[in-house]
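Dear colleague,

I am handing over the structure we spoke about, with the sequence alongside. Please open both before you read on.

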Amino acid sequence: MAEPTCVEQLAPLDLSMPSTYIRVLLVFEQAGSALQIIQSLQSGLDKLSSQLPWLSGRVFQKASTQDRASVLEIRWNASQTLTLVDKGTIAAPYKPASSHGIPSEAIPSDVWPAPGMIDGALLEMGAPVFAASIFRFADEGVGLCVCLHHNAVDGTGLSEIIRLWARNVVDPRFTFTSSPLSRSERLSATLSLDLQAASSTSSDNLFMLHPEYSRIPPTMPEEFPSCTSKLFMISMHWIDTLKELMCNDMSKAPSTNTVLCALIWATITRVRMQHNPSLGDGISRLGMAVNGRHRIGENFSGPESPFLGNAVVYSLSKFPAGALAASDETPVRSLAKICEHIAQSQSRSVINSRYIAEVYHLIDRMEDCRSLFVGWDLFGSRDLTITNWADLGLYEMDFGDLLGRPKFVRLPYMEADGVALILPRQRSASQEVLEVMIMLRRDHMDALEKDPMWQALLSRRSGDGGGVRPNVGDQKKEKF
């Protein structure tokens, strides 16, 4: 690229993110003139480029310094703008795909404007911060693919950027002025007192305080199993039913997120133990991404001045794998205990500004952030990772008369073992369902789809209850 006119070093919370793109697909039912749609979206991108000029830049690895071997920075030129890539028409028709909920495998991989993983070659030439493409289905409907570099933006930042894009499309007079402070300046200013208080804590003690991070790389299997991903739709009716039933067994009423994550954790552990009973002798760990914006400070990020960088930290819950697997025998009482563990690990008394300041120091002191790893097992088929996008509000984003609001929000097809992502909620739906993308070994996925408790939770879209009614009358043997 040409000599950059602007450079911004990424903050410590950015550096701990994986070297990937966050990718999301917005599917619109309306399909007017393709030319008009592209012109309208491009016009919005042109304005977005002027409002957030760093979006048109690239992420580079900064040359090693005396005390740091890996620092990332965004470089951009004031003259650069964002461009919407037209991927043409795909072979798949919209109507049959939409009747099946637009499964990820129905979307060809070549419509995405950026890859999932960022390899060394792409980083060396500079990985674009932002990329977007549009395609048309064979009969009707439009897909809009948006990709953002994860070291530059987290899920909440992605949603705010798409929201700004939509506002620019709808209202040509809309104005937005970004904060004059860099991401590092905003973080350090708001966390200043906590950063000072945590500065005397040694790195070794910080790792002891934060087992969700590790210096030890994950143990790689000799052979990677065949994995797949699948989208599930969970009945909101049964989540609400369980929330009500568990109130008497918990110190505080559980949230929808806590109940759903407890169910995912317990069910996946159970199907894994069908193939490997020895897992029941150990502890399973649940790592979850937590949006730290309001925990950093109530006024740290808001609609008028959103923080668009990474403000994600991790919670880590631990529970005996055998007890997780047996939770279907007394679901109300057992799930209540699991929910208590999850809620405590994510509570504001645990993950607060001091917690985030400690994580900031832990990352900032690493000589090479590529030597920082998560503290749970990514490949051992005992632990689980969950990310929650339920509150990102992507279904509420209106792109004007030509496109309107998304009918579906989807992710690309991905393969991993032990990853779940809760998709944005469509709260305006008359019968709301919770959409969850789960990635597992293929044999474990087959077992998951046959699990009686899991089957009972799935929405059938034909009534409030969806699946089989759970028997909760007998606390000694409550079977779903």
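Below I go through the sheets, then the salt bridges, and then a few single residues and a surface patch.

Please keep in mind throughout that this is a predicted model.

Another open sheet has four strands in the order 1-4-3-6, with antiparallel pairing. Here strand 1 (6–9) and strand 6 (127–128) stand at the edges with a single partner strand each, so that one side of each has no neighbour in the sheet. Strand 1 is joined to strand 4 (residues 71–76) by four bridges, the two strands running antiparallel, and Val 7 has Arg 75 in strand 4 as its bridge partner.

Turning to charged side chains, the count of salt bridges comes to 22. One of them joins the side chains of Arg 136 and Asp 86, at 3.2 Å from N to O; this pair links distant parts of the chain, since Arg 136 belongs to strand 7 and Asp 86 to strand 5, 50 residues apart. Asp 86 has a relative accessible area of 41% and is therefore partly exposed. A further salt bridge is formed by the side chains of Glu 449 and Lys 230, at 3.5 Å from N to O. Because Glu 449 lies in helix 15 (residues 442–450) and Lys 230 in strand 10 (residues 227–235), this pair ties together parts that are 219 residues apart in sequence. Glu 449 counts as partly exposed at 33% relative accessibility, and Lys 230 likewise counts as partly exposed, at 32%. What is the setting of the salt bridge between Glu 432 and Arg 425, buried or exposed? The side chains of these residues meet at 2.6 Å from N to O, and both Glu 432 and Arg 425 are buried. There is also a network of salt bridges, in which Glu 8, Asp 14 and Arg 183 are linked.

Asn 310 lies in the loop between helix 11 (293–296) and strand 12 (312–320), yet at 0% relative accessibility it counts as buried. The C-alpha atom of Asn 310 is separated by 32 Å from that of Leu 335, a residue 25 places away along the chain.

Two further loop residues deserve a look for their backbone angles. Ile 102, although not a glycine, has a positive phi of about 50 degrees; this residue is found in the loop between helix 3 (94–99) and helix 4 (120–125), and is buried, with a relative accessible area of 1%. Ser 381, also not a glycine, has a positive phi of about 60 degrees. Ser 381 lies in the loop between strand 13 and strand 14 and is buried, with a relative accessible area of 11%.

The loop between strand 13 (373–374) and strand 14 (384–388) also holds Leu 378, which counts as partly exposed at 37% relative accessibility. Together with Met 220, Phe 224 and Phe 379, Leu 378 makes a nonpolar surface patch of about 370 Å².

How values were computed. Residues are numbered from 1 along each chain as its sequence is written. This is a predicted model: local features need pLDDT of at least 70, side-chain atom pairs count only at pLDDT 80 or more; totals for chains, interfaces and linings use all residues. Side-chain values use heavy atoms; hydrogens and water are left out. Patches are made of residues with over 30% relative accessible area and no salt bridge: like charges are joined within 9 Å, nonpolar side chains (Val, Leu, Ile, Met, Phe, Trp, Tyr) within 5 Å. Accessible areas come from the Shrake-Rupley method with a 1.4 Å probe; for residues, only the protein chains shown count as cover. A salt bridge is a side-chain nitrogen of Lys or Arg within 4 Å of a carboxyl oxygen of Asp or Glu. Buried means under 20% relative accessible area, exposed over 50%, partly exposed in between (1.4 Å probe, protein chains only). Two strands pair if DSSP finds at least two bridges between them.
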